[in-house]
Amino acid sequence: MIRGKRLFSRLLPSIVIAVAMALAACDRAKQISEVAAQTSTTATEESKSPKLSLPPDSGPRPAFDSHRSMQYVKEIVAFGPRPVGSANHKKVETYLGAHLKGDEVENDVFIADTPEGKFPVHNVIAKFPGTKDGIIVVASHYDTNYPLRNTSYIGANDGASSSALLLELANQLRGKKREGYSVWLVWDDAEEAMKPDTELPFLDDSLYGIRHVAEKWEADGTLKKIKAFILADMIGDADLNVDRDSNSTPWLEDVVYEAATRLGYQSHFFARTLPGVSDDHIPFVKRGVPSADLIDFDYGYNDVFWHTTQDTVDKLSPKSLEIVGRTILETISILDKMNPLPPR
Ligand SMILES: [Zn+2]
């Protein structure tokens, strides 16, 4: 999660809150509201989700190995702080590559120009083909916060949990014939803001990796094929409460909620709505791709563990990884069978 400053008050009521309420906190908030304003269908009509044609609740339930995914979290944080440009970051790149050996993997590597200088950025994309024309993307960032690079900050929840979850999703997708859309898993890089207190507009100093992916896919035509962009961020918290986000696409969040309900997990989802979360989904939201940010932005009372050295594995639970992992797989399964999907 990228924001350097808190933009909204805690404990918002569980109703949709106008994005404008995020205003006035600071200049950063304005950046967020501008993004929200550009995405008016999601920002101003969030309660007007189209009537969905959902498939019947049938078929096998998705599997997910919660303990194996927690083991991945532990292995990733064992590398230590993993900011862009660091030796530890390189080790995680190698680690991800080793776990995806034999899969169809695209490495999207480029140099990002940031307020802290030029840095190599390395997105990892694993592609699991399906029989239907179209792609569902599931993403997580794997870098840790750059401004905290000289501390013991290891981002167990912020970065490692969702990246480990995606590795387990890869295990579940591998070697099976997909009767549905292709699923592409994206471990995106350089998500965290490099210098949160500069004058540079906030969204120009964060999301370096995923912005590059979105631009590339727009240029080569891939973007048109993407049916849904699902983001996982900070989903390992033992006290799991995934927030609804008013920048996300309402109908896609409704499908996520339906998936969670079918699995009996609905009490962990969408009890409150956050106004305009700024996260890796924004470059896709801006381009009209249905997007859902699955984020639990209540990590310890008043979010006290977020972007601190207390973001450690002991705060997490394998059960939370399982809840979000299975819900994402069930969401994909519902999307595979929805005919038609709502128009963009
Ligand atoms: Zn973060």
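Which side chain meets that of glutamate 168 in a salt bridge?

## Salt bridges around arginine 68

In this predicted model, the side chain of glutamate 168 meets that of arginine 68 in a salt bridge (a side-chain nitrogen of Lys or Arg within 4 Å of a carboxyl oxygen of Asp or Glu), at 2.8 Å from N to O. Glutamate 168 lies in helix α5 (residues 156–173) and arginine 68 in helix α3 (residues 66–77), so the pair ties together parts that are 100 residues apart in sequence; helices here are DSSP runs of H or I with at least four residues, and strands are E runs of at least two, numbered from the N terminus.

Arginine 68 also forms a salt bridge with aspartate 65, at 3.9 Å from N to O. Glutamate 168 is buried at 0% relative accessibility, while arginine 68 is partly exposed at 34% (buried means under 20% relative accessible area, exposed over 50%, partly exposed in between, with a 1.4 Å probe and protein chains only).

## Aspartate 280

Aspartate 280, in the loop between β7 (269–274) and α8 (282–285), is buried yet has no salt bridge, and the nearest side chain of opposite charge, arginine 211, is 10 Å away.

## Basis of the values

Residues are numbered from 1 along each chain as its sequence is written, and side-chain values use heavy atoms, leaving out hydrogens and water. Because the model is predicted, local features need pLDDT of at least 70 and side-chain atom pairs count only at pLDDT 80 or more, whereas totals for chains, interfaces and linings use all residues.

Technical notes: Lys and Arg count as positive and Asp and Glu as negative; His and the chain ends are not counted.
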